[in-house]
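Morning, everyone. I have one structure to walk through today. Please put it up on the screen.

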Amino acid sequence: MADDSLSQTPTTTEGMGLFERFLSVWVALAIIAGVLLGQFAPAVPETLSRFEYAQVSIPVAILIWAMIFPMMAQIDFSAVLGVRRQPKGLIITTSVNWLIKPFTMFAIAWFFLMVLFQPLIPEELASQYLAGAILLGAAPCTAMVFVWSYLTRGDAAYTLVQVALNDLIMLFAFAPIVVFLLGVSNIQVPWDTVALSVVLYIVIPLAAGYLTRRSLIARHGIEWYDNVFMKKVGPVTPIGLIITLVLLFAFQGDVIIANPLHIVLIAIPLIIQTFLIFFLAYGWAKAWKVPHNVAAPGAMIGASNFFELAVAAAIALFGLQSGAALATVVGVLVEVPLMLALVRIANRTRHHFPEAETQPAAEARD
């Protein structure tokens, strides 16, 4: 007999827009377009690269703000006041995201890229790929986790609280973790460069998003904000991401053409890390008898990455032509197929968890 709860689970096409559903396809097309641009019209990226201020590429900075601002503008930081809600779930995901995930990412990526794949990747390039993996590991997902939560019938209010809490922690924890792990990897980056990237790509868009959200909701109401403003601003994120990737691969074309195998080699530790973190958080939630509508999105938040921030930080710290930037883009490439596989696993194992009390989505706004 079919399980009624499973029969009510949304299909993957219900919760995802065209961009999210085919993200891997768009990224693959951006790679092809970027490589072709770099090979046949190199004057375009070369000209854009000349617009710099304090070693920050102005065109890239504008694109990255375009990517990140709409994501920050949709976060309701007042939700943090509900931090006492589902305390077990918050303890699990916060611990996994900030005390475990960055370090397992470093360990797994270091083992594969610096040891196991040593005969296949030059040492200097492997260090760059490791740096990109570290940046991915230090940035837990912010936006797409709402999609994964919906697909697993997650508690919308819990997901909102967890995302808001993560973003606030990210303000203080991202830079120290990145600098520490890069230092352990003998990859030296100046503190002021890391601090500048945090200010440019976390503090400024987060503050702008918060102020925009507060002022527009006060003036027009939450329904107008969600249904009119966000629907107009939301598409800017995918447009900014795809143009950034095209530009990035216009510089990376020679590396891709010379070493297409590197995409696969970078993807292997990222895939292993994603499954490890998911099952760690999911198993911990099961041991603590956390309801499935909290356990599933909690595990998804840790498993997925804030890849827009990782791409931005990699470009800011190492440049568009760096192996670090390439590694973060591989993270984007594998994100959706991996997360959809984890959604299916979560939905098929729902019966192993206590009865879930699904919260109405509207409660997330309370």
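Of the 366 residues in this protein, 55% count as buried. Before going further, please note that this is a predicted model. The secondary structure comes to 17 helices and two strands. Now look at contacts between residues with a separation of 6 or more: 87% of them join residues 24 or more positions apart.

Let's go inside. The largest nonpolar core has 123 residues. Which residues have the most contacts inside it? They are Leu-23, Leu-135, Trp-148, Phe-174 and Phe-318. Take Phe-174 from that list. Leaving out residues up to four places away in sequence, Phe-174 touches Trp-98, Leu-135, Ala-138, Ala-139, Ile-169, Val-198, Ile-202, Leu-309 and Ala-313. There is also a second, separate core. That one has six residues, among them Leu-216, Tyr-225, Phe-229 and Met-230.

Next, helix packing. Two packed helices are described by the angle between their axes and the distance between the axes. Start with α10, residues 156-184, and α11, residues 191-220. Their axes come within 10 Å and cross at roughly 165°. Angles over 145 degrees count as roughly antiparallel, so α10 and α11 are roughly antiparallel to each other. The crossing of α10 past α11 is right-handed. Who makes the contact? On the α10 side we have Asp-167, Met-170, Leu-171, Phe-174, Ala-175, Pro-176 and Val-179. On the α11 side we have Trp-191, Val-194, Val-198, Ile-202, Val-203 and Leu-206. By class, that is twelve nonpolar residues, no polar ones and one charged.

Stay with α10 for a moment. Thr-159 lies in this helix. Is Thr-159 buried or exposed? It is buried, with a relative accessible area of 1%. Beyond residues up to four places away in sequence, Thr-159 touches Val-145, Phe-146, Ser-149 and Pro-297.

Now follow the chain out of α10. Asn-186 sits in the loop between α10 and α11. Asn-186 is exposed, at 67% relative accessible area. Check the backbone there too. Most residues other than glycine have a negative phi. Asn-186 has a positive phi, near 60°.

Lys-289 is another case, with a positive phi near 55°. Lys-289 is found in the loop between α14 and α15. Lys-289 is exposed as well, with a relative accessible area of 64%.

Back up into α14, which covers residues 261-287. Ile-266 is in this helix, and Ile-266 is buried at 2% relative accessible area. Which residues does Ile-266 touch, not counting those up to four places away in sequence? Leu-113, Tyr-129, Leu-326, Ala-327 and Val-330. Here is a pair to find on screen: Ile-266 and Ala-126. They are 140 residues apart in sequence, yet 9.1 Å apart in space, C-alpha to C-alpha.

One more helix pair. This is α6, residues 58-73, with α13, residues 236-258. The axes come within 8 Å and cross at roughly 150°. That makes α6 roughly antiparallel to α13. This crossing is left-handed, whereas α10 passes α11 in a right-handed one. From α6, the residues that meet α13 are Val-60, Leu-63, Ala-66, Met-67, Pro-70 and Met-71. From α13, they are Val-236, Thr-237, Gly-240, Leu-241, Ile-243, Thr-244 and Leu-247. By class, the contact has ten nonpolar residues, three polar and no charged.

That's my tour. Questions, please.

Definitions and conventions:
Residues numbered from 1 in each chain as written. Predicted model: local features only at pLDDT ≥ 70, side-chain atom pairs only at ≥ 80, totals over all residues. Heavy atoms only, no water. Core = buried A, V, L, I, M, F, W, Y, C linked by side-chain atoms within 4.5 Å. Buried < 20%, exposed > 50% of the residue type's maximum accessible area, 1.4 Å probe, protein only. Contact = heavy atoms within 4.5 Å. Axes fitted to C-alpha atoms, helices over the stretch in contact; angles between N-to-C directions. Helix = DSSP H or I, 4+ residues; strand = E, 2+ residues; numbered from the N terminus. Parallel < 35°, antiparallel > 145°, perpendicular 65-115°, else oblique. Left-handed = near helix turned anticlockwise from the far one by under 90°. Nonpolar A, V, L, I, M, F, W, Y, C, P; charged D, E, K, R; others polar.
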